[in-house]
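Try each one yourself before reading the solution.

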Amino acid sequence: MAAAPEDRASLYALARFNWVEPLLFRDRITASDLRGTLCARDDPTTVAEDFERAWVEERSRRVCAWLRPAHAKPSLLVALLWWQRRRILAMVGFYAAFWVCFVAQPAVVAAFLEQLQRGREGEPGHRGDGADDAGAGGDYTLALALFVVSLVAPVVEHHAWYIGIRASGQVTAALSGLVMRRCVSQRGATTTAGDVASLAS
């Protein structure tokens, strides 16, 4: 089985989501096209197995046992959070980086404008050849900082959204599989679509 486009993508393509462009530019997308875009970790079988391990671990009361009372019952929410803990931490990290850029951007703009204003007014710090060179270097540094902050902020924000969407998709697939297994184990072949919808709700 060929590797998914995301698995073959370079670090730059992963950062800019360039790996999905060939799929977006197609006139028509078929089910086989979508099937080929799934990473191994997003495969429904892999997702179900990973969640099953987390659920078994939660039912045996091994998830954060030192934080929970001894009489606490197994919780499906705890199992889901424990299963997605790495993605949750990554999403929090990307959002933290985004807010750092969001807060730093106005400060960098203000410092850049102040530097330009001082250069125009000809303050003592900007007189003389050496001082002019130092002032120009400061201007370039602030301009570069503004460019980097403006470039990084949307990238980290988009990755935070992407991780959240991927996690929600995996949770949906895992819960759907859990419902279907419950239907089959409890009612066998007589299960209807209405029974599945009732259990899912």
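**Exercise 1.** Work out how helix H5 and helix H6 are oriented to each other in this predicted model.

*Solution.* Start with the angle: H5 (residues 44–59) and H6 (residues 76–83) pack at about 125°, and their axes are 9 Å apart. Next, recall the cut-offs: 65 to 115 degrees is roughly perpendicular, over 145 is roughly antiparallel, under 35 is roughly parallel, and the rest is oblique. So H5 and H6 are oblique to each other.

**Exercise 2.** Is Trp 55 buried or exposed?

*Solution.* First find Trp 55 in helix H5. Its relative accessibility is 16%, and buried means under 20%, so Trp 55 counts as buried. Now check its surroundings: leaving aside neighbours within four places in sequence, Trp 55 is in contact with Ser 75, Leu 76 and Ala 79. Trp 55 and Leu 80 are 25 residues apart in sequence, yet 7.8 Å apart in space, C-alpha to C-alpha.

**Exercise 3.** Now do the accessibility check for Arg 166.

*Solution.* Go to helix H8 (residues 129–187), where Arg 166 lies. With 14% relative accessibility, Arg 166 counts as buried. Then list what Arg 166 touches, not counting residues up to four places away in sequence: Glu 6, Cys 39, Arg 41, Asp 42 and Arg 87.

Conventions:
Residues are numbered from 1 along each chain as its sequence is written. This is a predicted model: local features need pLDDT of at least 70, side-chain atom pairs count only at pLDDT 80 or more; totals for chains, interfaces and linings use all residues. Side-chain values use heavy atoms; hydrogens and water are left out. Axes are lines fitted to C-alpha atoms, for helices over the stretch in contact, and angles run from 0 to 180 degrees between N-to-C directions. Helices (H or I, at least four residues) and strands (E, at least two) are DSSP runs, numbered from the N terminus. Buried means under 20% relative accessible area, exposed over 50%, partly exposed in between (1.4 Å probe, protein chains only). Contact means heavy atoms within 4.5 Å.
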